[in-house]
Amino acid sequence: MLAKTDTYPLFISYERDSSAGYSLTLYDHLSVHFGDGAVFRDAQSIGAGTVWKPVFRKLIKQCRGLVVVVAPDWQEPRMLEKLKDPDGWVRQEIVTALEEGKGIFPVLCRGAVAPPLDLLPEAIRPAFDNFNQFQFHDGPTWRQELEVLIADIEQRTGLARLARGASAEIRLCDRVLARLDRNRQAAALRGRVEAGERLFVVAGNPK
């Protein structure tokens with residue numbers, strides 16, 4: 001089995017070395033809004049040992065939009081070189097989406113700035129020249145920024161969000177608890193969330 005479903009309306013493209021955390025946050029929130037089977041992120045959506053190149057091309061051809069996660073290090077020479085590499089995965093995913101005429105949603109995380117167009121390879125420049133870029137911060141504006149992104153995804157792809165309400169917050173809580181339940185505290189945290197308390201998650205270096 002190559003993927004859990006045949007098609008995913010949204011495909012998240014990210015650089016693993018610097019954007020894994022940001023992409024996972026977006027995956028969790030977008031999945032809550034659009035449904036578990038609506039968002040593709042490789043670590044959650046394909047099995048080990050999968051031959052990746054034909055899978056990503058097929059999935060991008062069938063998706064409605066590509067969410068490109070831009071981290072703060074995109075201005076650094078290391079990342080610019082990776083974007084210039086024809087075999088780089090992020091570059092290949094963006095190029096495929098452009099070739100297929102897909103909507104592209106560049107999401108600039110934590111104050112990131114997209115590289116100047118003249119420093120980007122010509123093959124991927126349209127992704128940052130022709131499409132609106134979204135800022136996604138860790139601070140108090142993150143919810144409003146996410147709503148702007150979701151509204152644009154809806155408008156440009158025709159994808160409809162799930163019914164909103166407390167259940168959406170509990171579904172997001174489920175995702176967080178599944179990742180953090182190492183000290184058998186999930187039941188207590190769940191009770192507090194269901195009682196209407198806000199849940200704050202602080203993620204740090206694994207070391």
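Reader: How many bridges join β3 to β4, and do they run parallel or antiparallel?

Author: β3 and β4 are joined by 6 bridges and run parallel. Two strands pair if DSSP finds at least two bridges between them. Strands here are DSSP runs (E, at least two residues) and helices are too (H or I, at least four), numbered from the N terminus. This is a predicted model, where local features need pLDDT of at least 70, side-chain atom pairs count only at pLDDT 80 or more, and totals for chains, interfaces and linings use all residues. Residues are numbered from 1 along each chain as its sequence is written, and side-chain values use heavy atoms, with hydrogens and water left out.

Reader: Which residue in β4 is the bridge partner of valine 69?

Author: Valine 107.

Reader: What is the strand order in the sheet?

Author: The order is β2-β1-β3-β4-β5, an open sheet of 5 strands with parallel pairing. β2 and β5 each have a single partner strand and stand at the edges, so one side of each has no neighbour in the sheet.

Reader: How many residues of β3 are buried?

Author: 6 of the 6, so β3 is largely enclosed by the rest of the structure. Buried means under 20% relative accessible area, exposed means over 50%, and partly exposed is in between (1.4 Å probe, protein chains only). Gly65, Val67 and Val69 point one way from the strand, while Leu66, Val68 and Val70 point the other way.

Reader: What does valine 68 touch?

Author: Not counting residues up to four places away in sequence, valine 68 touches Ser13, Trp74, Ile94, Ile104, Phe105, Pro106, Val107 and Phe128. Contact means heavy atoms within 4.5 Å. Valine 68 has 0% relative accessibility, and its C-alpha atom is 6.1 Å from that of isoleucine 12, 56 residues apart along the chain.

Reader: Changing topic. Which residues of α7 are buried?

Author: Glu145, Leu146, Leu149, Ile150, Asp152, Ile153 and Thr157. Seen down the axis of α7, these buried residues fall within an arc of 165 degrees, so they line one face of the helix. The arc is that of the directions from the helix axis to the C-beta atoms.

Reader: What do they pack against?

Author: The buried residues of α7 pack against β1 (10-13), α1 (16-34), β3 (65-70), β4 (103-109) and β5 (134-136).

Reader: What span should α7 have?

Author: At 1.5 Å a residue, its 16 residues (142-157) should span 22 Å, and the end C-alpha atoms are 22 Å apart, which agrees. The expected span is 1.5 Å times one less than the number of residues. Glycine 158 follows α7, with a positive phi near 80 degrees.

Reader: How many aromatic pairs are there?

Author: The count is 4. Rings of Phe, Tyr and Trp (its six-membered ring) pair if their centres lie within 6.5 Å; planes under 30 degrees apart are stacked, over 60 edge-to-face, and the rest tilted. One of the pairs is tyrosine 8 with phenylalanine 40, edge-to-face at 5.2 Å centre to centre and 70 degrees between the planes. Tyrosine 8 is in the segment before β1 and phenylalanine 40 in strand β2 (residues 39-40), 32 residues apart.

Reader: Are those two buried or exposed?

Author: Both tyrosine 8 and phenylalanine 40 are buried.

Reader: How many disulfides?

Author: The count is 0, a disulfide being a pair of cysteine sulfur atoms within 2.5 Å. Cysteine 63 is buried at 3% relative accessible area, and cysteine 109 is buried at 1%.
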